[in-house]
Amino acid sequence: MSQTILLPERPPGAVALLLNGIFGENPVFRLALSLCPAVAVTTTVANGIMLGVAVLLVQVLSSVTVALVRRGIHPRVRIPAYTIIIAVWVSAIDMTLAGYFPVLYAQVGLYVKLIVAFAIIISRLEVFASRMPLIPTFWDGLGMGLGFLFALVVIGAFRELLGSGAILGHVVTPEKPLLFFALPAGGFFTIGILMAFFNALERWKRGGKAPTAAGGGAHG
Amino acid sequence: MSAPAAGSGGAPGRAAAGPPTWAPGETWRIVLSMTLICAAGAAILGGVYLGTERYAEASRQRNERAAVTELLSLGSDATVKEIRQFLSPARDAVIYRTGEAGADAGGNGTAEGAARAPREFVFALDGTLLRSGEIASANAGEKGLHPLGRIFVASRDGAPAGFVVEGEARGYKNRIRFFVALDREWRIAGVRVVEHEEDPGLGAEVATDWFQGQYVGRDLDGAANLDVTKDPMPEDWRDALRRRGTADDPAWTERYGPLRSRESDRPIYAVTGATISSRALTDGVRATILHFRRRWELLEPYLRAAGEGA
Amino acid sequence: MDSIRPGRFASRHVTSAALGLAFLLLFAATAAADGGDAVIRGARVRAPHHLRLELTRPASSLDPANFRLTDARAPDVPIEIRSVVAEEGNAVLLEVNDRLDPSAAYRIEMLDPAAARDVRPAPWALLLTVVLSSALINNFVFTRYLGLCVFFGVSRKRDTAISMGITFAVVMILSAMLSWGLFTFVMAPLKLKFLQIIVFIGVVAFLVQALDTILKKTHKSLHQRWGVYLMLITTNCIILAVPLLNAAAESGPAESFALALGSGVGFAIALFLMSCAREKLELARVPAAFQGLPIAFTLAGLFALAFMGFSGLTFLR
């Protein structure tokens, strides 16, 4: 439990919250949260987008719900109450996706249901939504969701391009350059490489000092 | 979830918890608020479920109709009748039902002969007719029946225009559901995978136009002996299939017709690295066609006599 | 009260594992005992195109018309039999046109002497295949990426990894069976399937709490050792995935149990292997950017690659 999540006294502005979610505290690359789906469904960009959007919606909706009803939630049953709120939104979005995008859903269905167990969502509720006013909570949820979406699209693009030689289903190269990356094992390597890349970037920005966030325990 | 449970030691509520001292009113407040949350959640979910379920059903039917007419290269003026096949609960008879499954979900323009009552034909396993007649509803007593897939019978201007048969196979990961289209001369007009969970880049390739294009044009004998080879696909044939769209258009046929007839006696070329998926689909297509041939021979005279024949 | 010594601890686990296995075998044996027919003593798919029948007396005719073979999924369509060959003993070998699947169910009927028999793989083979498949071929960690959170979190020390793996496997089996019961007997009849996510989460949370309380009261030392891991399990994706997969496939009790057992064992294996490798990794010089999680991911990728070698493993041939 080594990551330090900075908590400002005053809610920061919308832009700062968005950027923080996408880059500063990117759930996948920086906080190393909710990795299971990031590897599992990102064999193509389309799958990544689908799950990313689902997470985005769940994060925003449950953040807003918690910000709205937190006075009614007894502190002792905070975590169960949050879990139920998340589960409701996950179920709702799961059913909606299953109804409207049956073909894509067939491949990512299980992982959409498993959003309910994502550490990223409940930790944002606990850390941010339970103490901040409604508007910043919304922006924070949106930022975190976009950060997740961004990570999934990057991983998906990497794997689809190398694995199937295509982007969003459009064939780029006639042959598959490195089929390996479309395989389950390739997903682990992709995340390892991308994470190392972001680490190196961070080190370079700080002038050679070791980054603090990623590299601790992984959750979710 | 491990993070918030263990990592949020600094949260004020948690830190203050200490030894549990319950005020009497507090318990009731907690129970009340949790009950309210649960009730609200269940209500939201119920609403969403009802809404999406209806939409999903309607869109599924629309997509299926579109797939059927597209596979048979028919326009929107074609009539498509659906026959659903079941195994009786005791698995000792085969039941065929005509008529719409979800009659209220129509309204997509195709003339459906909506006024006809659904009919049922029941055959023993050896092929003798046990009973036939009209039934109250196409969905009557569906519980306990084992579905055997559906048949779509297409006709245009009163003339038969082909069939599309639904089939299922067990793929590498999970089941593969597909449609096989047969034209009037019982040649394969197209194969389309409509549901699968195979690996992208590997098994998922069986759902691509180029792979499915390999089946097209094979006659009934060829279909009955469909096999899979691990041999590499000849370059010219690969090239031809890549240039083909979802169907053989006239320009394609003119250019690659000879290749098509050369390849139609040969086995299906497996996707590299996904022989299991390729074989699963091919075996499924073959079995579906063989089953359909036998069942249609039995059913067709009775359908015709009942005025349902295409 | 002294803490339990590791040796006694391990032996206790071996005993309980052996008991479980014995139960499984007993169950399989009783399930396999049914369906004995007087004339056709055995029937097995020997090769993709061959079915071998063992008869108690010789078949009166080797004409293919004397036999009728059907797929259980299409009992109205006979599979064309190309030839029938007598083998030593009273066995006959049917050669058919269609490919036979050793894991599917068929029915063979004979006109003279009149007899019929279901041809299906032994139940224990099917169940063991499910266990094997979910533990090795489709390992939850290496091919489905479930439980990565815990996987990377607790695989740094071998002792913790072993405890965690065992705790997980036990909770997984219990929660899968409880969820299966709820799903089959309550949610499916009441058409409440859309509540499955909430219900399954509730089941897992309830189970973890109950186990925690019971352990605390009855086996204090056990609780001291494993209580921490128990709390980490609540609403973990790998625990939740098993009931969800079972619900999606509408599995029966035996299949649900086999899937839960297989995935639990698979997770424990993955955790154990990874912890061994990571202990060694501590001593290795890793490039700065790769330190921590990136190198752990790369390592997991190598394991996943190795696990691909298990694909195709089955008890059905």
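Predicted model: local features only at pLDDT ≥ 70, side-chain atom pairs only at ≥ 80, totals over all residues.
In strand 6 of chain C, C:Glu95 is the bridge partner of C:His50. Residues are numbered from 1 along each chain as its sequence is written, chains are lettered from A and ligands numbered from 1 in the order in which they are written, and side-chain values use heavy atoms, with hydrogens and water left out.

**View 1. An open sheet of 4 strands in chain C has the order 1-2-6-5.** Its pairing is antiparallel, where two strands pair if DSSP finds at least two bridges between them. Helices (H or I, at least four residues) and strands (E, at least two) are DSSP runs, numbered from the N terminus. At the edges sit strand 1 (40-47) and strand 5 (81-86) of chain C, each pairing on one side only. Neighbouring strands of this sheet are turned by 20 degrees against each other on average, direction ignored; axes are lines fitted to C-alpha atoms, for helices over the stretch in contact, and angles run from 0 to 180 degrees between N-to-C directions. Strand 2 (residues 50-55) and strand 6 (residues 92-96) of chain C are joined antiparallel by 4 bridges. As a reminder, strands of a sheet pair through backbone hydrogen bonds, either parallel or antiparallel.

**View 2. Another open sheet of 4 strands in chain C has the order 4-3-7-8.** Here too the pairing is antiparallel. The edge strands are strand 4 (74-79) and strand 8 (115-119) of chain C, each of which pairs on one side only. From one strand to the next, the twist averages 25 degrees. Look for strand 3 (residues 67-71) and strand 7 (residues 106-110) of chain C, an antiparallel pair with 5 bridges. C:Thr70 stands opposite C:Arg107 in strand 7 of chain C.

**View 3. Helix 8 of chain B lies across strand 3 and strand 4 of chain C.** The helix runs at about 100 degrees to strand 4 of chain C. Contact, meaning heavy atoms within 4.5 Å, takes in 22 residues from chain B and 20 residues from chain C. The two chains bury about 1900 Å² between them, 58% of it on carbon and sulfur atoms; buried area is the accessible area (1.4 Å probe) that two parts lose on being put together, summed over both. There are 4 salt bridges across this interface, each a side-chain nitrogen of Lys or Arg within 4 Å of a carboxyl oxygen of Asp or Glu. C:Asp76 and B:Arg295 meet in a salt bridge through their side chains (2.8 Å, N to O). On the side of chain B that touches chain C, the elements giving two or more residues are helix 3 (24-71), strand 2 (93-98) and helix 8 (275-305) of chain B. Helix 8 of chain B gives the most, with 7 residues. That side of chain B divides into 10 nonpolar, 3 polar and 9 charged residues; Ala, Val, Leu, Ile, Met, Phe, Trp, Tyr, Cys and Pro count as nonpolar, Asp, Glu, Lys and Arg as charged, and the others, Gly among them, as polar.

**View 4. Chain C and chain A meet through 39 residues from each chain.** About 3100 Å² is buried between them, with carbon and sulfur atoms giving 82%. C:Tyr145, C:Ile197 and C:Phe297 supply 23% of the area that chain C buries against chain A, more than any other three residues. The count of salt bridges between chain C and chain A is 0. Helix 9 of chain C provides the largest share of the side of chain C that touches chain A, 9 residues. The residues on that side of chain C are 27 nonpolar, 10 polar and 2 charged.

**View 5. Strands 5, 6 and 7 of chain B link up through antiparallel pairs.** Strand 5 (residues 146-156) of chain B joins strand 6 (residues 159-170) of chain B by 6 bridges, and B:Val153 has B:Phe163 as its bridge partner in strand 6 of chain B. Their hairpin has 2 residues between the strands, and in it B:Asp157 takes a positive phi near 50 degrees. Strand 6 of chain B pairs with strand 7 (residues 175-182) of chain B over 8 bridges. These two strands form a hairpin with 4 residues between them.
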